[in-house]
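Subject: Structure handover

Hello,

Here is the structure I promised to pass on. Please open it first, then read my notes below.

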Amino acid sequence: MPNAYISGTGMYVPDEVVTNDDLRTKYGIDTTHEWVVQRTGIAERRFAPDGTAPSDLAVPATKQALERAGLKAHDLDMILFATLSPDMHFPGSGVFLQRKLGLLDGDSPRFVPAMDIRNQCSGFLYGLATAASMVQSGGCKHVLVVGAECHSAALDLTTRGRTVSSLFGDAAGVAIVSATDEDRGVRGWWLGADGRHAEALCMRIWDMSKRPFVPLDHGKEGPGTIQPEILWPYMEGKVVFKNAVERMCQSIMQACWEKGIELGDVDLFAFHQANMRINQYVANTMGIPESKLLHNIERLGNTTAATIPTLLAEAEETGKLKRGMKVMMVAFGAGFTWGAALVDW
Ligand code: UT7
């Protein structure tokens with residue numbers, strides 16, 4: 001059975017920087033830089049231009065990862081695309097990325113499978129676990145795992161929505177999972193879900209219990225109306241915060257226990273970037289030193305499926321993440337769903 005290792009990482013963020021002050025001055029949201037930084041650690045985030053889809057952000061991120069892995073797009077055997085803000089409701093963003101990467105061009109098109117993953121903040125880890133399993137089974141040699149979001153397209157950027165809209169930003173991060181005979185790669189993954197909290201963090205658009213989605217005023221001209229609350233993400237912040245801390249600590253302990261390692265054996269931790277305070281709380285509880293924590297939430301906000309792969313891509317770029325390191329990734333989010341993965345780089 002081959003090992004599955006991460007042969008390349010890449011990321012892309014749109015150019016427009018939106019600071020906390022911009023939320024106030026450009027969008028008229030009643031907020032302050034101090035409130036957002038103090039509660040979340042976020043100073044700024046990126047917003048993509050209108051018309052941009054997550055598959056667009058994923059193209060340059062994938063090209064960077066392919067270059068770092070020494071591969072061409074045609075070498076990919078499968079695309080796993082994790083997002084909660086897809087190009088459209090269906091089909092999934094994976095097929096758009098396949099097309100935009102040029103896999104279908106030329107004399108030998110690559111009709112590789114493309115699958116979307118709807119696990120929000122833990123989507124990348126669900127994708128990594130699936131990719132590793134595909135590679136270890138011998139079914140694929142190189143699997144592209146994408147986490148990409150265009151949150152800015154569906155945020156309530158008014159004072160009414162400030163608790164949620166001040167958190168999120170747009171980005172794409174990718175990892176290529178490849179087969180190797182070397183003694184390295186994904187050592188284990190631990191995934192979980194608790195559907196009792198499915199509505200604690202959700203976006204109700206296309207909610208089947210709310211049909212008709214657009215109530216038409218029969219007999220009159222006009223398109224009818226949609227209740228705004230089904231269009232924007234809804235979050236019970238304190239419930240999410242409490243469960244995130246518990247599940248992340250539990251996942252870390254489970255990974256260490258099952259692999260028979262000490263926390264001190266782990267060189268770097270890539271935690272999902274939902275809130276700097278959540279991650280500090282987890283790190284303090286577990287006794288993880290600040291120097292081992294990767295973070296980019298202060299610059300990018302919460303980019304959901306893209307948080308962990310962008311952390312990895314940045315850490316490779318700066319040299320912080322090196323061959324031979326033991327890396328633990330941990331995520332928690334809507335569903336609730338969560339996970340951890342342990343990788344020998
Ligand atoms: O990746 C997805 C997973 N998401 C998370 O993990 C997020 C977890 N939750 C959290 O991080 C926190 O719950 C938040 C940072 C989102 C909110 O912090 P909180 O301490 O739970 O605040 P709150 O919602 O209880 O609101 C406290 C006050 C409210 O005002 P009143 O009712 O006390 O007058 C809010 O209206 O803060 C107000 N508020 C704001 N004020 C200024 C909420 N958002 C803002 C804002 N600027 N952006």
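Strand β8 and strand β14 (residues 337–344) run antiparallel and are joined by 8 bridges. Within that pairing, glycine 185 has aspartate 344 of β14 as its bridge partner.

Some ground rules. This is a predicted model, where local features need pLDDT of at least 70, side-chain atom pairs count only at pLDDT 80 or more, and totals for chains, interfaces and linings use all residues. Residues are numbered from 1 along each chain as its sequence is written, and side-chain values use heavy atoms, with hydrogens and water left out. Helices (H or I, at least four residues) and strands (E, at least two) are DSSP runs, numbered from the N terminus. Two strands pair if DSSP finds at least two bridges between them.

**The open sheet**

The pair β8 and β14 belongs to an open sheet of 5 strands. The order is β8-β14-β13-β11-β12, and the pairing is mixed.

Helix α5 (residues 123–136) lies across β8, β13 (326–333) and β14. α5 runs at about 130° to β8. Helix α7 (residues 237–259) also packs on the sheet, touching β8, β11 (268–271), β13 and β14. The direction of α7 makes about 150° with that of β13. Contact here means heavy atoms within 4.5 Å. Axes are lines fitted to C-alpha atoms, for helices over the stretch in contact, and angles run from 0 to 180 degrees between N-to-C directions.

**Helix α7**

The expected span of a helix is 1.5 Å times one less than its number of residues. For the 23 residues of α7 that gives 33 Å, and the end C-alpha atoms are 33 Å apart, which agrees. The buried residues of α7 include Val240, Met248, Ile252 and Cys256. Buried means under 20% relative accessible area (exposed is over 50%, partly exposed in between; 1.4 Å probe, protein chains only). Just after α7, glycine 260 takes a positive phi of about 65°.

**Aromatic pairs**

Rings of Phe, Tyr and Trp (its six-membered ring) pair if their centres lie within 6.5 Å; planes under 30 degrees apart count as stacked, over 60 as edge-to-face and the rest as tilted. By this rule there are 4 aromatic pairs. Phenylalanine 269 and phenylalanine 271 make an edge-to-face pair, 5.9 Å centre to centre with 65° between the planes. Phenylalanine 269 is buried at 1% relative accessible area, and phenylalanine 271 is buried at 1% too. Phenylalanine 332 and phenylalanine 336 make a tilted pair, 4.9 Å centre to centre with 55° between the planes. Phe332, Phe336 and Trp338 form one aromatic cluster.

**Strand β4**

Is strand β4 (residues 78–82) mostly covered or mostly open? Mostly covered: 5 of its 5 residues are buried. Met78, Leu80 and Ala82 lie on one side, with Ile79 and Phe81 on the other. β4 runs parallel to strand β6 (residues 142–149), with 5 bridges. β4 also pairs in the parallel sense with strand β5 (residues 114–117), over 4 bridges. Isoleucine 79 stands opposite leucine 144 in β6 and opposite alanine 114 in β5.

Best wishes
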